[in-house]
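Here are some notes for a colleague who is opening this model and would like a careful guide to a few of its features.

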Amino acid sequence: MKKMYYPAVFHPEEDGGYSVHFPDLLGCVTEGDTMQEAIEMAEDALGIYLYTLKEDKEEIPAATNPADIKTEGRDFVSMVIYDEVEYLKRTDSHAVKKNCTIPAWLDTLARESNVNFSQLLQNAIKKELNIA
């Protein structure tokens, strides 16, 4: 799981808001009433777009160098980050039941020590995947 960065073109609207599009991601557009909202919406739009591509097993396009993107008027380019781990934590945190098998003696000792199996498994998986 990794972080990815994509250039987004921010277009200041006459009403003070911003529209945003990603030149590398066809149809990935959003908007916000303020700069902060536009950035947050851009992060969400990017997350939804890249997550959907991954789920559909489609190729994820390479990001264009922001210096190569031409803008007009007051438009500007800013990099937007997609942190897959943080995105999934924020959008897909429902619990999933997993069954596992351990030797009876280990189960006995673990229960005697009040081991929380769910927490232990989560911690072990995070450690295995190098996720903080």
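1. Helices (H or I, at least four residues) and strands (E, at least two) are DSSP runs, numbered from the N terminus. This is a predicted model, in which local features need pLDDT of at least 70 and side-chain atom pairs count only at pLDDT 80 or more, while totals for chains, interfaces and linings use all residues. Residues are numbered from 1 along each chain as its sequence is written, and side-chain values use heavy atoms, with hydrogens and water left out.

2. Among the helices, α4 (117–128) contributes the most to the lining of the largest pocket, namely eight residues. Both α2 and α4 supply at least two residues each to that lining.

3. The lining of the largest pocket comprises 15 nonpolar, five polar and five charged residues, where Ala, Val, Leu, Ile, Met, Phe, Trp, Tyr, Cys and Pro count as nonpolar, Asp, Glu, Lys and Arg as charged, and the others, Gly among them, as polar.

4. Turning to another region, Gly-17 sits in the loop that lies between β1 (3–12) and β2 (18–21). Its relative accessibility is 5%, so Gly-17 counts as buried (under 20% relative accessible area, with exposed over 50% and partly exposed in between, for a 1.4 Å probe and protein chains only).

5. When neighbours within four places in sequence are set aside, Gly-17 is in contact (heavy atoms within 4.5 Å) with His-11, Pro-12, Gly-32 and Asp-33. The C-alpha atoms of Gly-17 and Ala-42, which are 25 residues apart along the chain, are separated by 13 Å.
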